[in-house]
Number of protein chains: 2
Amino acid sequence: MKSAAASRPMGFLIGDLARLMRRRFERRLAGSDTGLTVSEARTLAMVEHYSGWRQTALADRMGIEPMTLSGFLDRLEAAGLVVRKPDPNDRRAKLITLAPAAAPVLERIHEEMVAIRLEALEGFSEEDADRLYALLQRMHGNLCCCGPEELS
Amino acid sequence: MKSAAASRPMGFLIGDLARLMRRRFERRLAGSDTGLTVSEARTLAMVEHYSGWRQTALADRMGIEPMTLSGFLDRLEAAGLVVRKPDPNDRRAKLITLAPAAAPVLERIHEEMVAIRLEALEGFSEEDADRLYALLQRMHGNLCCCGPEELS
DNA sequence: CCATATAATCAGATTTCCTTACTATCTGCC
DNA sequence: GGCAGATAGTAAGGAAATCTGATTATATGG
């Protein structure tokens, strides 16, 4: 009946994991001289994947408020890593794309992400890793409550 | 390793989940009139489970710096929910225990945690939930072995 | 052509952490 | 005993990631 989860509630366990991974990512970013914070790096990676989207859509995708994203984009734009260009169909909106200078930084970010993933999943079989990933995504679908999970 | 994880890196997925769960917990705490933040609630729950521990040990267990814990305990103590009493064996140390007033607050916290867990794991079989929990704990074990100062 | 909704942003605040430095105390060694 | 060095807690200060509410420009439907 009572599952093992009682001993360390799921939410706290996930929070702990997030803190641990964030900490490692922070150190790695600091050491790799990108000058980015974790959230800026995440934003940059999202822009890479969802290039040309407008800020509202991107913020929604990232699960944060538009204003929060705006701040991250300010700094990325100032660093010459992304470009905000006006949407020709809607003069209120801006479309976010990568600047050329983003390429090497993204490469660095991807390397660090892979390294952390390897540390986190050390000793996991490919099967276990996939299973974990699938379960986490199901959980995400349960919580993000805004429409069905699409893939890309 | 070319698994599905490439599409949304594990670290970001876990970070997203942590943000989603934290947000729900925040709303619930605000609505349930405990006057606590998420981390204060977590600290209180830890004190319940590890009653009589000294602060350093508790902080280590929680994966945060002693100074960070100290602040949370300050507020919990001011709210009359925990007690710091001197360790009879070591006058530098203080042992943290629950104050009587903590009982109803903890009951409230447990209710909210259960509710969020149900939301997050909706549609999960007991088996899936246990499997997820076990995988997350293995991952935690992989990551938690080094303190924040010893990463490189 | 106006009312309302939407896109981005300004201003300000909160929360959760960290680092560095300091005091009091303990412990082991001469 | 008494000092050297470790350890427990904390004061001070700050960085990062988020939020909310107000503001401005623009779009869109009736």
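Me: How many charged residues does the surface near DNA strand C have?
Reply: This is a predicted model, in which local features need pLDDT of at least 70, side-chain atom pairs count only at pLDDT 80 or more, and totals for chains, interfaces and linings use all residues. Residues are numbered from 1 along each chain as its sequence is written, chains are lettered from A and ligands numbered from 1 in the order in which they are written, and side-chain values use heavy atoms, with hydrogens and water left out. A residue is near a strand if one of its heavy atoms lies within 4 Å of it. Counting Asp, Glu, Lys and Arg as charged, the surface has six nonpolar and six polar residues, and the charged ones number twelve.

Me: What share of the DNA strand C atoms that come within 4 Å of the protein do sugar and phosphate account for?
Reply: DNA strand C is surrounded by 24 residues, and R23(A) and T37(B) are among the closest. Of its atoms within 4 Å of the protein, the sugar and phosphate share is 74%.

Me: Which residue has a polar side-chain atom 2.4 Å from a base oxygen of DNA strand C?
Reply: A polar contact is a pair of N or O atoms within 3.5 Å. The side chain of T56(A) has an N or O atom 2.4 Å from a phosphate oxygen, and a polar backbone atom of S39(B) lies 2.7 Å from a phosphate oxygen. The base oxygen is instead approached by R92(A).

Note on methods
A polar contact is a pair of N or O atoms within 3.5 Å; within protein, one must be able to donate a hydrogen and the other to accept it, and residues adjacent in sequence count only if both atoms are side-chain atoms.
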